[in-house]
Amino acid sequence: MQNMLTIISNALCRITGRNVGAQTVSELLIDLSEYVNVTSPAAPALAQTQRQPPKPPPVSARASAAELVSTPTDQLDRPGARVVVSRSFADFTPQATFDIKKCDVHRLEEGPPVKAELTREQGLQYYRIMQTVRRMELKADQLYKQKIIRGFCHLYDGQEACAAGIEASINPSDHLITAYRAHGYTYTRGVAVKEILAELTGRKGGVAKGKGGSMHMYAPHFYGGNGIVGAQVPLGAGIALACQYQGNNQVCVTLYGDGAANQGQIFESFNMAALWKLPCIFICENNKYGMGTSVERASASTDYYKRGDFIPGIRVDGMDVLCVREATKFAADHCRAGKGPIVMELQTYRYHGHSMSDPGVSYRTREEIQEVRSKSDPITLLKERMLSNNMASVEEFKEIDVAIRKEVEEAAQFATSDPEPPLEELCNHIFSNDQPLEVRGTHRWSMLKSVS
């Protein structure tokens with residue numbers, strides 16, 4: 001015991017620069033008290049208080065020594081006392097610069113930067129967003145298997161860096177339209193988790209009043225959620241045309257998958273956007289498989305970022321939220337400068353099958369999925385970057401995870417207990433009108449009303 005006290009005392013001396021010569025456990029704890037917080041298993045209330053940090057204050061606001069340490073003297077000599085290092089927000093690195101993967105470019109003299117700055121607040125925000133989408137999609141998987149969610153359901157887990165990175169680099173007033181794998185973008189565009197899950201279960205409190213389902217969710221400046229493969233791309237070009245016509249300096253992010261990349265309507269949209277120099281960012285989310293067909297078997301050329309021909313393009317690591325953010329910023333600046341459209345290819349990966357009816361392992365191996373999870377998971381990548389640069393602690397991430405799990409569980413409870421929309425609301429919101437319109441039902445004697 002004496003040798004152990006000597007070793008710990010010497011280590012504390014080196015760390016603090018103070019002369020420490022503790023002879024007993026109590027003396028050692030007193031020497032440590034300026035730098036550590038002491039709790040015991042018998043003090044759950046204190047531990048709980050320490051596990052609930054408020055939103056990070058400005059980095060310049062440093063805590064006093066008294067705030068960093070709370071050492072009740074009656075706990076110092078309790079059997080089983082544990083020494084837990086206490087850290088303030090001022091202990092963390094407020095900002096760091098990271099090397100990111102260089103983008104491949106097409107018809108551009110230079111591409112997005114190869115370094116990205118990240119503040120602590122931004123990193124925690126991106127982590128919360130991606131982890132919330134991940135937990136929400138896993139809960140949707142569970143509800144579907146319980147037959148509470150029915151019909152089409154395309155999950156987004158694995159691709160969270162795309163949605164988080166894009167939203168971090170555009171303005172709330174900019175526009176976004178995507179395909180049927182839309183849950184993540186519905187969340188990043190401002191819709192609450194409980195409204196998304198309630199829409200999946202067909203409840204009145206859903207974002208589309210329970211009548212849209214998985215593929216048809218909407219929010220201000222977010223146009224879905226579109227079930228027809230590739231059909232959203234001409235709509236996105238039209239939204240960009242409206243931005244140009246109104247002269248509001250806004251852009252439209254138009255997303256589609258690698259499975260839709262060979263659609264003729266996409267090339268027609270490219271052509272019009274190039275001719276009219278529309279402020280449109282065409283983004284192909286290349287998750288390697290169109291339904292059950294690999295990109296190599298479906299496309300003669302898998303360089304989707306070059307598909308715009310005379311439209312500039314960039315290929316981006318879609319599993320890195322910082323790469324996606326910097327590339328989308330670059331693309332948005334390109335469009336706002338009046339240079340016309342740009343094509344982005346985000347190389348990403350989905351962990352689930354194409355939809356819930358697809359187990360996802362008949363055309364790829366479980367080992368392939370696991371390898372991507374272990375080497376390229378977007379949430380793990382961001383977390384490890386922040387931990388290795390002292391931008392957050394393991395405990396802080398655990399607290400965020402617990403809060404997110406609670407939020408998703410409460411949302412699921414709402415989504416399973418909220419009532420279904422009544423029959424009299426079936427035809428509402430079909431037309432945009434001031435006065436109610438009569439709509440014929442399944443036969444001419446059945447009349448319903450449509451209220452906008």
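M344 touches I281, F282, I283, C284, I314, V316, A327, T328 and A331, where residues up to four places away in sequence are not counted and contact means heavy atoms within 4.5 Å. The model is a predicted one, in which local features need pLDDT of at least 70 and side-chain atom pairs count only at pLDDT 80 or more, whereas totals for chains, interfaces and linings use all residues. Residues are numbered from 1 along each chain as its sequence is written, and side-chain values use heavy atoms, with hydrogens and water left out.

A nonpolar core is here a set of buried Ala, Val, Leu, Ile, Met, Phe, Trp, Tyr and Cys residues joined through side-chain atoms within 4.5 Å, and buried means under 20% relative accessible area, exposed over 50%, and partly exposed in between, with a 1.4 Å probe and protein chains only.

Strand β12 covers residues 342–347, and because five of its six residues are buried, the strand is largely enclosed by the rest of the structure. Helices (H or I, at least four residues) and strands (E, at least two) are DSSP runs, numbered from the N terminus, and two strands pair if DSSP finds at least two bridges between them. β8 and β12 pair in the parallel sense over six bridges, with E285 standing opposite L346 of β12. Strand β11 (residues 313–317) also runs parallel to β12, joined to it by five bridges, and R315 has E345 in β12 as its bridge partner. Together with helix α13 (residues 321–336), β11 and β12 make a right-handed β-α-β unit; right-handed means that, with the strands pointing away from the viewer, the path from the first strand over the helix to the second runs clockwise.

The structure holds 16 salt bridges, each defined as a side-chain nitrogen of Lys or Arg within 4 Å of a carboxyl oxygen of Asp or Glu. In one of them the side chains of D104 and R315 meet at 3.1 Å, N to O; this pair links distant parts of the chain, with D104 in strand β4 (residues 104–106) and R315 in strand β11, 211 residues apart. D104 is partly exposed, at a relative accessible area of 35%, while R315 is buried, at 17%. A network of salt bridges links D104, D303, K306 and R315.

A further salt bridge joins K139 and E409, whose closest N and O atoms are 2.9 Å apart. Because K139 lies in helix α6 and E409 in helix α16, the pair ties together parts that are 270 residues apart in sequence. K139 is buried, with a relative accessible area of 8%, whereas E409 is partly exposed, with 44%.

Helix α6 (residues 120–145) has 26 residues and reaches 38 Å from its first C-alpha to its last, close to the 38 Å expected at 1.5 Å a residue, the expected span being 1.5 Å times one less than the number of residues.
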